[in-house]
Amino acid sequence: MRAARALFVALLAPLAIGATEPKLVPDVSQSRIEIRYSFTGAELLLFGAIIYPGGRAPREGTDIAVVLKGPVQPLVAREKQKVAGIWMNVESARFRSAPSFYAVASSRPLSKLVDERTSAIYELGLNNLQLSPGTGAPLDVQRRFEAGLIDLMRRHQLYFEDPDGVKISEGVLYRARISIPARVPVGDYTAETFLIQDGRVIAGAVREVRIEKLGFERFVATAAERWSFAYGLTAVSLSLLLGWAGSAMFRRG
Amino acid sequence: MDIYLPVAGLSVNALVIIALGGVVGLLSGMIGVGGGFLTTPILIFYGIPPAVAVASATTQITGTSVSAVLAHRRRKGVDYRMGGVIIAGGLLGAAAGGAIFRLLQNLGQIDTAIAILYVVLLGSIGILMAKEAGTELEIFRKKPAARPARRHNPVIAMLPLRWRFYRSGLYISPLAPLILGMIGGMLTVLLGVGGGFIMVPAMIYILGMSAQVVVGTSLLQILFVTAATTMIHATTTKSVDIVLAALLLAGSVIGAQVGARFAQRVKPELLRMFLAIVILVVAIRMAIGLGWRPEEIYTVQLL
């Protein structure tokens, strides 16, 4: 995460030298999203201002893209095929760095804002994710699996693209809403904002967002992971107790 | 009323889960089955990850079998010696099942294996039960018995080291119930079922145990093996969701008591016919799921 951030800063460093370019002042509505007992998802607001040097009037054709990205994880994607009348997993492919969550919103469709090379550099858009395929499979097979993985994550609302999710008012203030589903993975997220003019990214900024379980939910998840033996014993005793209590209660009644 | 399941990592409607537990409890109180074979597939259809569904359903079965075991104990309907041997086999089977579970998970075939096992087991048992209950209800004509059924199975009589099981009225080798227990334990880990629907017929028709102790002994085995399985899942797959299990239990302990009361007023053959139909519907639904082209042919597993 830190390396990614350093790279990001390095990419934008040449842009900061000249003070003639506009600057971004971004913020997020919540820097911490808490998963509690009735969590059914959340909505994150990414907003901010574009500051033009010397109070210059805003120019037409200034666009904003925001990206909310979850921690990357290694995973294996499997593809089902029909074998003897049954749909079962046959082929698989590994990806070393698939983001657990990726949402991009922009003020116009991304293809109209930047060319392919730029969007590949800044990982803008679902087709430009750096998934790092881990097998020496032929390119077309890799593509097929990438498309399958992205499609699956879209169905789970963990990946999405909103081509006009960013609203810019008066050319100065922008805001974008990103909805986060209930099955979102926990971790440190980055919210990146890009200011785009004439197909170039001229400014960018990162904010961090932390999604975590809290209170009872956090305690249970940690206990299941770290004190698994005691957790198992607790689960067994709980079920014995509830079962016994149920029968005792009804016998009396 | 949405509630977040900390281990499954998603929100469910608490009332739906409690109602599911209630229906399953009702069935188990009426007919004397654990109901795991219904809970697990329904949880999977609902969107709970299969591993979490299997593990948490096991925890629930422990709870529902407690009160039933206590009731059978009061009626002296438990053969502890036989139970002990079957439990020993069950624990071995559960450990082996755990290894198979992990192997299949790594191969990516666990979902298919679970579905095929369900279809085969539920399909055959559903048909057998429907036939038997149908004959009792005189829907089908009774076939005249060709020869009187043998109490002792010749293969089992051949096994060495015979023990006496007084309550079961048997003098057989403990190897037979041990192997039977192992099969039951394996099914518990793989499918999240107590295995009563296999054990009870096997104890009657293969071991030849006396009918008064069959259900109580099978329940005792279910109690211990599901408790052990919860421990295995908690320490290896780490997919026991205590909140999910508690919700299911809340419904099922109440459902079981209501069901037990209701059962005294309905013909048992009718109940078995009903159960057979439910089992067949689940089996057919799973078979369709295997043969139909799934909407999403890709799945993802984290490494």
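In this predicted model, the contact between the two chains draws 49 residues from chain A and 47 residues from chain B. On the side of chain A that touches chain B, strand 5 (72–83), strand 6 (86–99), helix 4 (139–155), helix 5 (215–226) and helix 6 (228–252) of chain A each contribute at least two residues. Helix 6 of chain A gives the most to that side, with 16 residues. Classified by residue type, the side of chain A that touches chain B holds 25 nonpolar, 14 polar and ten charged residues.

Strand pairing also links the chains. Strand 5 of chain A pairs with strand 5 (residues 298–302) of chain B in the antiparallel sense, over five bridges. Within strand 5 of chain B, B:Tyr298 stands opposite A:Glu79.

**Annotated transmembrane regions**

An unreviewed UniProt entry places the feature "transmembrane region" at residues 229–250 of chain A. For chain B, UniProt (unreviewed entry) places the feature "transmembrane region" at residues 12–38, 44–71, 83–104, 110–130, 178–206, 213–236, 242–263 and 270–292. The table sets out the computed content of some of these spans.

| Span | Helix | Strand | Distance between end C-alpha atoms |
|---|---|---|---|
| Residues 229–250 of chain A | 100% helix | 0% strand | 32 Å |
| Residues 178–206 of chain B | 86% helix | 0% strand | 13 Å |
| Residues 213–236 of chain B | 96% helix | 0% strand | 34 Å |

**Helix 5 of chain B**

Helix 5 (residues 110–136) of chain B has 27 residues, and the distance from its first C-alpha to its last is 38 Å, close to the 39 Å expected at 1.5 Å a residue. The buried residues in helix 5 of chain B are B:Ile110, B:Asp111, B:Ile114, B:Ala115, B:Tyr118, B:Val119, B:Leu122, B:Gly126, B:Met129 and B:Ala133. An α-helix has 3.6 residues a turn, so residues three or four places apart point the same way. The cover over the buried residues of helix 5 of chain B includes helix 2 (36–46), helix 3 (50–74), helix 4 (80–107), helix 7 (175–191) and helix 11 (268–291) of chain B. After helix 5 of chain B comes B:Glu138, whose phi is positive, near 60°.

**Nonpolar cores**

The largest nonpolar core has 103 residues, of which B:Leu244 and B:Leu247 touch the most other members. Helix 9 (residues 211–235) of chain B gives the most to this core, with 14 residues. Leaving aside residues up to four places away in sequence, B:Leu244 touches B:Leu5, B:Ala8, B:Ile17, B:Val52 and B:Ser56. A second, separate core has 49 residues, including A:Val28, A:Ile50, A:Ala98 and A:Phe101.

**Strands of chain A**

Strand 11 (residues 187–197) of chain A runs antiparallel to strand 4 (residues 62–69) of chain A, and eight bridges join them. A:Phe194 in strand 11 of chain A is the bridge partner of A:Ala65. Strand 11 of chain A also pairs with strand 12 (residues 200–213) of chain A, in the antiparallel sense and over eleven bridges. Here A:Tyr189 stands opposite A:Val209 in strand 12 of chain A. Strands 11 and 12 of chain A form a hairpin with two residues between them.

Strand 12 of chain A pairs as well with strand 2 (residues 32–35) of chain A, in the parallel sense over four bridges. A:Ile33 has A:Ile211 in strand 12 of chain A as its bridge partner. In strand 2 of chain A, A:Ile33 and A:Ile35 make up the covered face, whereas A:Arg32 and A:Glu34 make up the uncovered one. In a regular strand the side chains alternate between the two faces of the sheet.

**Positive phi in loops of chain A**

A:Asp198 lies in the loop between strand 11 and strand 12 of chain A. Its phi is near 50°, a positive value in a residue other than glycine. A:Asp198 counts as exposed because it has 11 C-beta neighbours inside 10 Å; the cut-off for an exposed residue is 12 or fewer.

A:Gln157, in the loop between helix 4 and strand 8 (159–162) of chain A, likewise has a positive phi, near 60°, in a residue other than glycine. A:Gln157 has 16 C-beta neighbours inside 10 Å and therefore counts as partly exposed.

Definitions and conventions: Residues are numbered from 1 along each chain as its sequence is written. Chains are lettered from A and ligands numbered from 1 in the order in which they are written. This is a predicted model: local features need pLDDT of at least 70, side-chain atom pairs count only at pLDDT 80 or more; totals for chains, interfaces and linings use all residues. Two residues are in contact if their C-beta atoms, placed from the backbone, lie within 7 Å. Ala, Val, Leu, Ile, Met, Phe, Trp, Tyr, Cys and Pro count as nonpolar, Asp, Glu, Lys and Arg as charged, and the others, Gly among them, as polar. Two strands pair if DSSP finds at least two bridges between them. UniProt positions are given in the numbering used here, feature names are shortened, and annotations may be inferred rather than shown by experiment. A nonpolar core is a set of buried Ala, Val, Leu, Ile, Met, Phe, Trp, Tyr and Cys residues joined through C-beta atoms within 7 Å. A residue is buried if 20 or more other C-beta atoms lie within 10 Å of its own, exposed if 12 or fewer, and partly exposed in between; C-beta atoms are placed from the backbone. The expected span of a helix is 1.5 Å times one less than its number of residues.
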